[in-house]
Amino acid sequence: MYKVLVVEDSLTVRKIVNKLIEDNPHFTCDLCEDLAEAQSALDSDNDYLAAIVDLNLPDAPNGESVELALSHNVPTIVLTGNFDEFTRAQLLDQGVLDYITKESRYSYLQVSKLVDRLRKNLTTKVLVVEDSKTSRNHICSLLRKFQFQVHEATDGLEALDVLENHRDIKMVIADHRMPNMDGYELVKTIRHERRMQDLVFIGLSATGDSVLTSKFIKSGANDFLSKPFYHEEFYCRVMQNLESQEMIQTIRDSANLDALTKVYNRRFLHEKAEELFANSRSRKDVIVSMIDADNFKSVNDTYGHKTGDMLLQEFAALLKDYFPDDLIVRYGGEEFTVVSVRPPKVYLSALSAFMDAVRTTLFTSHKFNITCSIGVSTEEHKCLESQLEKADARLYEAKHAGKDQIILRDLQQKVS
């Protein structure tokens, strides 16, 4: 749960902002009506994701509330009834995230949307590729202000190394003219890599050449900005491109996720297999486990199918807890598949810990215990189907041998 400080003298505006933000289950608000209350709130607790501050308060008519929030290093969004170019420049120079005029309900929706974007940015990695240290530092500073995790590179070749080492980077912002590999060659190289097809790429250039813009876009860039750019334009382009990509991901998830358990379905498993088994280097690291909830039919017979569904949801949630970086799939019924490329000892340790957790967890509102059986294949296979068959055969052996155990035939051992 993230906390947001709201400093606003109008009761009506406070209620509107509070309602819109707290409609999102990730947030709770601390409401203050003047500078004195804001000072007290910040002195007692400085752990705010953001502050939403009225520019003019009865006891702070000249923007002192903004200075207060910024002095506590809280990302600050300014609400104001007045707007002019001088105020705009002054606020941006102070370091506020954004300023929003109190014009309509849409203005307050912008505030709530921006706060949620800050939450998402905490786990969003962006790579800035720019050979000019001054320009790179400026762009990185803008991104860090919005809570992004920022990585840096000085040219395209270095950028590719960073992307290989940090595969969860979601956006690349790259200049056109750079030594070794320029931005144009970088985006072409990225788009040839299957795993980076969804990466957001924004090109930059000081030339302002419209032909260069179209060249970048046609080569796979999502957007293009000419330098120098306005503070607001930069943020708008960054946010809009990320939101578009997240919308595409949401649509894709609706096709790839199991509706009941919210883990991946078999369709996605086979799609992902193409990537994992594409070359021998990645293929030899793949571990496949088939995991079955023991005696699931008796749960349905005793408590009903609704309780059975709840059990599967909680079982899947437990899998997510113990295998957060692995591919978890509902293979069918009460059977799940986990595909991992972690070192075998690390993965098998997590598997054993998961079994212990299943044994001790009280599932559903009926608070009953269950066990699970697991078959594992760690040896190299040429295709996923072959490795799934091995793991499934070992799962059958585990069930036949009395359930509640892990079988790894290739290692000639049992782990329980």
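## Getting started

Strands here are DSSP runs of E with at least two residues, helices are runs of H or I with at least four residues, and both are numbered from the N terminus.

The model is a predicted one, in which local features need pLDDT of at least 70 and side-chain atom pairs count only at pLDDT 80 or more, while totals for chains, interfaces and linings use all residues. Residues are numbered from 1 along each chain as its sequence is written, and side-chain values use heavy atoms, leaving out hydrogens and water.

## A five-stranded sheet

Let's look at the sheet that holds β3. Its five strands follow the order β2-β1-β3-β4-β5, with parallel pairing, and the sheet is open; two strands pair if DSSP finds at least two bridges between them. The edges belong to β2 (27-32) and β5 (98-101), each of which has a single partner strand, so one side of each lacks a neighbour in the sheet. From one strand to the next, the twist averages 20 degrees.

Strand β1 (residues 2-7) runs parallel to β2 and is joined to it by six bridges. Lys3, for example, has Thr28 in β2 as its bridge partner. Helix α5 (residues 105-121) packs on the sheet, touching β1, β2, β3 (50-54), β4 (76-80) and β5, and its direction makes about 160 degrees with that of β5. Contact means heavy atoms within 4.5 Å, and angles run from 0 to 180 degrees between N-to-C directions of axes fitted to C-alpha atoms, for helices over the stretch in contact.

## Two annotated aspartates

The unreviewed UniProt entry places "modified residue: 4-aspartylphosphate" at Asp54 and Asp175; such annotations may be inferred rather than shown by experiment. These positions span 122 residues in sequence and their farthest two C-alpha atoms are 37.0 Å apart, so they do not all gather at one spot.

Asp54 is buried, at 3% relative accessible area (buried is under 20%, exposed over 50%, partly exposed in between, with a 1.4 Å probe and protein chains only). Beyond neighbours within four places in sequence, Asp54 contacts Val7, Glu8, Asp9, Ser65, Leu79 and Lys102. Asp175 sits in strand β8 (residues 169-175) and is buried too, at 6% relative accessibility. Not counting residues up to four places away, Asp175 touches partners including Val129, Glu130, Asp131 and Lys227.

## Nonpolar cores

A nonpolar core is a set of buried Ala, Val, Leu, Ile, Met, Phe, Trp, Tyr and Cys residues joined through side-chain atoms within 4.5 Å. The largest has 41 residues, and Ile52, Leu143, Phe148, Ile173, Phe234 and Val238 have the most contacts inside it.
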